[in-house]
Amino acid sequence: MANIYDSAYDLEKAIRESDEFKGLKAAYDKVMADESAKKMFEDFRNTQMQLQEKQMQGQEISEEEVEKAKGVVELVQQHTEISKLMEEEQRLNVMINDVSRIITKPLEELYGTPEQEQ
C-alpha cells in the first residue's frame, strides 16, 4: 500500500500541473504585471480579509463596511484581467472541492451524511 503522504505529494504535483492551476497562475501573473490592476486586486483582498477576520472574531460588520466592500467588488468585476483571475480561481476551487469530496468519502461512508440520518 502506498504511503498516504507520498500520495498527497503526488496530488499536490498533479494540481500544480493541472490546466486549472496553470490558468490561475497565468491570470495572476497578468494582474500582478499591471500596477493599477495589482493595487486594485490587493485592495480587494485586504477588504475581504478584514471582513473575514471581523466575522471570525464575532464582531459586527457595519453597514458602511458592507457598502465599501460592495464598491470594491463592483470595481474589480469591471476590470477584465481581475475578472479573469477570479474565474480561474473559481475553476481551481471546483476541482479542489471535488478532490476533497473524493478523499473524505471513507469518512462519509463510515459516519454517513446528515441527509442519511433523517
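Here is a short walk through a predicted model, from a pair of helices to an aromatic pair and then a loop residue. Residues are numbered from 1 along each chain as its sequence is written, and side-chain values use heavy atoms, with hydrogens and water left out. Local features need pLDDT of at least 70 and side-chain atom pairs 80 or more, while totals for chains, interfaces and linings use all residues.

Let's start with helix 1 (residues 4-17) and helix 2 (residues 19-33), which pack at about 55° with their axes 5 Å apart. Helices here are DSSP runs of H or I, at least four residues long, numbered from the N terminus. Axes are lines fitted to C-alpha atoms over the stretch in contact, with angles from 0 to 180 degrees between N-to-C directions. Ile-15, Arg-16 and Glu-17 of helix 1 meet Asp-19, Phe-21 and Lys-22 of helix 2, contact meaning heavy atoms within 4.5 Å.

Next, Phe-41 and Phe-44 form a tilted aromatic pair, 6.3 Å centre to centre with 40° between the planes (centres within 6.5 Å; under 30 degrees is stacked, over 60 edge-to-face, the rest tilted). Why are they about one helical turn apart? Because they sit three residues apart in helix 3 (residues 35-56). Phe-41 is buried at 7% relative accessibility, and Phe-44 is buried at 8% (buried is under 20%, exposed over 50%, partly exposed in between, with a 1.4 Å probe and protein chains only).

Finally, Ile-61 lies in the loop between helix 3 and helix 4 (63-78) and is partly exposed at 25%. Leaving aside residues up to four places away in sequence, Ile-61 touches Leu-51, Lys-54, Gln-55 and Val-66.

Definitions and conventions
Rings of Phe, Tyr and Trp (its six-membered ring) pair if their centres lie within 6.5 Å; planes under 30 degrees apart count as stacked, over 60 as edge-to-face and the rest as tilted. Helices (H or I, at least four residues) and strands (E, at least two) are DSSP runs, numbered from the N terminus.
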